[in-house]
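Let's take a friendly walk through this structure, going from whole chains to a single residue. Keep the sequence and the 3D view at hand as you read.

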Amino acid sequence: MKPQLKISLTLAVVCAIAAASLAAVNQVTQKAIAINSLKELEDSLKIVYPIADRFELEGASDREVSSETENQGFTIIAQYQAYQGDQKIGKVYRVGSKGYGGQIVLLIAISTQTSTMVGMRVLEHQETPGLGSEITSMNFQEQFQNKPLTDSFELNRDIQALSGATISSRAVIRACQGVLSELGKEAGQ
Amino acid sequence: MKQFWFYFKNGIIGENPVLRLMIGLCSVLAVSVKVENCLAMGAAVIFVLTCSSIVISLLRKGIPDQVRIPIFIVVISTFTTIVDLVMKAYLPPLSKAMGVFIPLIVVNCIIMARAEAFASRKPLLPSIADALGMGIGYTLVITAIGVVRELFGYGSILSVPILPETYQNMMFMILPPGAFLLIGIYIGVLNHVSRRTNK
Amino acid sequence: MSVTFVDLFKIIISAAFIENILLARYIGLCPYIGMSTNISNSLGMGMAVAFVMVLSSIVTWGLWNYIFIPLRLEYLRIMVFILVIAVLVQLVEILLKKNLPNLYRAMGIYLPLITTNCAILAVTFFGVDYNYNLLQVVIYSISVALGFTVATVLLAGIREKLRYAKVPNFYRGYPMAFIVTALLAIAFIGFKGLIK
């Protein structure tokens, strides 16, 4: 067989077998992968708003944090309606806020019934380990649990900043204030 | 059989890929923040390395020389993709923790280098021995670094708290400088030890 | 979506310095340690890496957005991206051999080794995972290559001087290179918080 032909043929055969086996593995794992990402979302929503039993995505589809949102101070990535049975009890906002080391992604749960912030959970961050990363600690996050929306949400007057991590703390505050103003906008409509 | 053990031990000590051949470094330092990540990465590398070596060794007579690199790439990337998909499906938290370094296994110099230097020239059994040896040698080193980094950086090993509550986490170990320093020290110590034993 | 000059500038600074691919993200270490023995090698390699990095980022970006996603072939990503890089490196080799034979000879074995430079493959992944548009991909890949070259040249400069220093016997060469890298990494951490 001509050498050129043998080379191309070998390469083609190997590629075909490789592609076929990958397609097969892909088929098998696809479902599990899709279920995982859904479950991850469900779990995190449940953690921040425990008494709700289901959530529905509102408005535009839940897009991943893209570069266009990465460089802004505050963005709303997605919002969900929280239900207890058939009753709408509140909302959960998935927001991005610019921290010290990069984008911080958090969930903020609001109860429309009691006009309180049910809680806050940091999902992703790139803050300094040991300093800004403490925004994920229970001590810090507890301050946002069952907090009346009429509070001022000011750093050090209302919310205790983390020592050595003012910028990280401020980023979280900015996220809360952003959500509050969004709520105000929606109420005004 | 003697040959098998020779190649196997060679991968772990004599020609340890990380500390001697200086290959496969990126993943060693990036992933070694927690011991469980190290073990998972080690397992993934052993899997891709061994499977690739088996396939390449079996095919070695039929691969024309000019296309051998692309064929190595196709074989290695196939097994890497399999590991990536399987982890995303059944071990999602681990997959997230290791991030881009699972797909990067395909350019892990260890695998490419062994395919070129060994599996494509030697029969099946020695190739398996070499692959297993190199893979385990890699896993040992990455775990050795991970143990120190997790212990001093988080006070735990395999997420089991070891150091007392009052221990202040040494941030340095979690950040890149700590990793670079550790591996520099390890290589220096290994140089020292091996020169001593060779005397 | 409008991309302002400020956005691009932020990409440049964060890709080259704040999240330096070598010193902050641990990616691309093999050629970094191997090639940083003197400054001229490092510069040459930096340029070759930059060229391949930018080209492959553009090509893979195009393939991903116009073929992979429409045809749902995402799982073939690893295989195709690395093959693209391998092909581009071959092309660069051929071009260099014909037009710049001196540079080709100087680079020697390091040219084919660019294929296994994790940084290039990683950048192709990031270019699509971060949802960049074409302009951002180009700027991003150039910036990463810049950061890679800067870090490598820095280390090379120090290693050149180290040859005349009294380094303990067993730490000569690679161990010392890593320890110096640790110091460089600490210095680069200082860039954090540069972009408000």
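Of the 199 residues in chain B, 52% are buried, where buried stands for 20 or more other C-beta atoms within 10 Å of a residue's own, exposed for 12 or fewer, and partly exposed for anything in between, with C-beta atoms placed from the backbone. Keep in mind that this is a predicted model, in which local features need pLDDT of at least 70 and side-chain atom pairs count only at pLDDT 80 or more, while totals for chains, interfaces and linings use all residues. For finding your way, residues are numbered from 1 along each chain as its sequence is written, chains are lettered from A, and ligands are numbered from 1 in the order in which they are written.

Chain B holds nine helices and two strands; helices here are DSSP runs of H or I with at least four residues, strands are runs of E with at least two, and both are numbered from the N terminus. Starting at the N terminus, the order is α-α-α-α-α-α-α-β-β-α-α. A compact globule of 199 residues would have a radius of gyration near 16 Å, and the 18 Å of chain B agrees with that. This radius is taken over C-alpha atoms, and the globule rule is 2.2 Å times the number of residues to the power 0.38. Along the principal axes, the C-alpha atoms of chain B fill a box of roughly 60 × 50 × 30 Å. Among contacts in chain B with a separation of 6 or more, 77% join residues 24 or more positions apart; a contact means that two C-beta atoms, placed from the backbone, lie within 7 Å.

Now turn to chain C, which has nine helices and zero strands. Its radius of gyration is 18 Å, close to the 16 Å that the globule rule gives for 196 residues, so chain C is as compact as a globular protein of that length. The C-alpha trace of chain C spans about 60 × 45 × 30 Å along its principal axes, and 44% of the 196 residues of chain C count as buried.

How do two of these helices pack? Helix H3 (residues 39-71) of chain C meets helix H7 (residues 118-129) of chain C at an angle of about 40°, with the axes 9 Å apart. Axes are lines fitted to C-alpha atoms, for helices over the stretch in contact, and angles run from 0 to 180 degrees between N-to-C directions. That makes H3(C) oblique to H7(C), since under 35 degrees counts as roughly parallel, over 145 as roughly antiparallel, 65 to 115 as roughly perpendicular and the rest as oblique. Residues making this contact include C:Trp61 and C:Trp64 of H3(C) and C:Val123 and C:Gly127 of H7(C).

Helix H7 of chain C also contains C:Ala122. With 22 C-beta neighbours inside 10 Å, C:Ala122 counts as buried. Apart from neighbours within four places in sequence, C:Ala122 is in contact with B:Val100, B:Leu104 and C:Ile27.
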